[in-house]
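Here is a short briefing on a two-chain model. Look over the sequence and the structure first, then read the points below.

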Protein chains: 2
Amino acid sequence: MTKRYPTAEVLAQANDTFLDSVSVDCVILAFHQGSLKVLLNKFKISDKWMLPGGFVHIDENVDDAANRILKFRVGIADLYLKQFHLFGNCDRTRKEESLKMLDSWGITPENGHWFLKRFVSMGYYALVEYSKASISIDESVEEVGWYDLDKLPELYADHGAIVEKAINTIRIQIGIVPIGYELLPEKFTMPELRLIYEAILGYELDRRNFQRKMLSVGLINRLDEKRKNGAHKAPYLYSFNREKYEEASLGGVHLMPWTH
Amino acid sequence: MTKRYPTAEVLAQANDTFLDSVSVDCVILAFHQGSLKVLLNKFKISDKWMLPGGFVHIDENVDDAANRILKFRVGIADLYLKQFHLFGNCDRTRKEESLKMLDSWGITPENGHWFLKRFVSMGYYALVEYSKASISIDESVEEVGWYDLDKLPELYADHGAIVEKAINTIRIQIGIVPIGYELLPEKFTMPELRLIYEAILGYELDRRNFQRKMLSVGLINRLDEKRKNGAHKAPYLYSFNREKYEEASLGGVHLMPWTH
């Protein structure tokens, strides 16, 4: 299940190594220095960035393929990872783009090569605590990096639309997706939590209202401790009430009740 | 896009007619006589009921395939239809079961017949107003019927788990899925609305609390009209405020705020 091939080798595989027609793409989100970031990778030979993704082994569950790709890219297993949408339109893969990619890997495809057929892609999003992620480079043939959600470079095929749909899904489900809980370290400031919600919602929230209402939900504790950061007035630190959060994840608590 | 084949003909098709490895299954829900119902169909030759579903044409978007199947089964286009989960485990299709099915259709499959390969299935749920659905029978080789959610017959393969996951998804998203709005006719009684919520949540709700809080959301109007039903005390009729509901569907209103 965990066997991996370098890309050129993958593309030279026979049809029966991978599940036909199905790929997996992951929108991996983290929060760092005040902004929401997306992990992207790029083949050095290509001019376009891609979402971490790949194919599904013939004896591998689709969810396990997503977990394998995620674990390989950020070095952590068992992360918060959710299916959010199957990208199943006919026009999402373009044969010319795929041919160009095969060519750049030195592969001359036979007629009916599996990589040139139509693919649908299962979109997953993952919420990662930035400091815990350890980004690995794929045999030095790829570049990998975190990009600001609002300053993404040009993306391959429909990957831009995949990112957009992921954010939109989290926005609609903001009352049940524990974005702050999964993205923040154990101790955090109230502005950090607010910036995450603002990045997902796409608009600014009132500072004082946010703080008051977020505390009223009862999932956050104010600590007797402040962030020491020289220049600014030291802000209080907060932590999540992990036990209550796990209860909340079973339903029954709306994580941001006042937007609804 | 709308071409359909009888089942035996579908199974005799070459690989290049359908997208490999991907099928679609639909959990079609309706509300009738106080209970939530699921639409099931069955091949006469088989002893197990199945969810309405099918394959994806090679030139058809996956969402369009789900819409085509739904339209064929209930006679309505443009229904409330949502992806909810990709069933992508290796063990979900069993070769023996598929062989038996081919055999019953009089098909002796060649080695590597596309139907015998591993399939993943995109699960969709649809919310249908019962009285508007017109169930069609497939060239008299199938049986079709509405079954009570809590009294389902034995289902084919993992279709029981697919129904369960659909209900569980709607339960978790109860604040954003307009179940009452989509399942009820224009005029309805408060107990009818409550029964729908109870069927999804799996527990009873307090009558008076439900009525008071549901009205407080502001999406429902009490009409100056009562349901005439002889035996019982005539209950008031209600209707949805359609304009407000459409606003709500864009976010910003929690449809059942007090469960969270």
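**Domains, interface and contacts**

The centres of domain 1 of chain A and domain 2 of chain A, taken over C-alpha atoms, are separated by 31 Å. The domain bounds come from an automatic or database domain assignment. This is a predicted model: local features need pLDDT of at least 70, side-chain atom pairs count only at pLDDT 80 or more, and totals for chains, interfaces and linings use all residues. Residues are numbered from 1 along each chain as its sequence is written, chains are lettered from A and ligands numbered from 1 in the order in which they are written, and side-chain values use heavy atoms, with hydrogens and water left out.

**Between the two domains of chain A**

- Domain 1 of chain A covers 7-172, and domain 2 covers 185-259.
- The contact (heavy atoms within 4.5 Å) draws 8 residues from domain 1 of chain A and 7 residues from domain 2 of chain A.
- About 680 Å² is buried between these domains, and carbon and sulfur atoms give 78% of it. Buried area here is the accessible area (1.4 Å probe) that two parts lose on being put together, summed over both.
- On the domain 1 side, A:Phe31, A:Leu36 and A:Arg171 lose the most area to domain 2 of chain A. Together they give 62% of what that side buries.
- The domains share 0 salt bridges. A salt bridge is a side-chain nitrogen of Lys or Arg within 4 Å of a carboxyl oxygen of Asp or Glu.
- They have 1 residue pair in polar contact, both at pLDDT 80 or more. A polar contact is a pair of N or O atoms within 3.5 Å; within protein, one must be able to donate a hydrogen and the other to accept it, and residues adjacent in sequence count only if both atoms are side-chain atoms.
- Helix α4 (residues 159-172) of chain A gives the largest share of the domain 1 side that touches domain 2, with 3 residues. Helices (H or I, at least four residues) and strands (E, at least two) are DSSP runs, numbered from the N terminus.
- By class, that domain 1 side has 5 nonpolar, 1 polar and 2 charged residues. Ala, Val, Leu, Ile, Met, Phe, Trp, Tyr, Cys and Pro count as nonpolar, Asp, Glu, Lys and Arg as charged, and the others, Gly among them, as polar.

**Between chain B and chain A**

- Chain B and chain A each bring 30 residues to their contact.
- The area buried between them is about 2,400 Å², with 58% from carbon and sulfur atoms.
- The interface of chain B and chain A holds 2 salt bridges. In one of them, the side chains of B:Lys117 and A:Asp20 meet at 3.9 Å, N to O.
- Polar contacts link 18 residue pairs across chain B and chain A, both residues at pLDDT 80 or more.
- On the chain B side, β1(B) supplies the largest share, 4 residues.
- The chain B side divides into 12 nonpolar, 12 polar and 6 charged residues.

- The same surface serves both copies, as 100% of the contact residues of chain B recur in chain A.

**Within the chains**

- Over all chains, the count is 26 salt bridges.
- A:Lys37 and A:Asp148 form a salt bridge through their side chains (2.4 Å, N to O). A:Lys37 is in strand β2 (residues 35-43) and A:Asp148 in strand β6 (residues 142-148), 111 residues apart.
- B:Ser136 lies in the loop between β5 and β6 (142-148) of chain B.
- B:Ser136 and B:Val74 are 62 residues apart in sequence, yet 6.7 Å apart in space, C-alpha to C-alpha.
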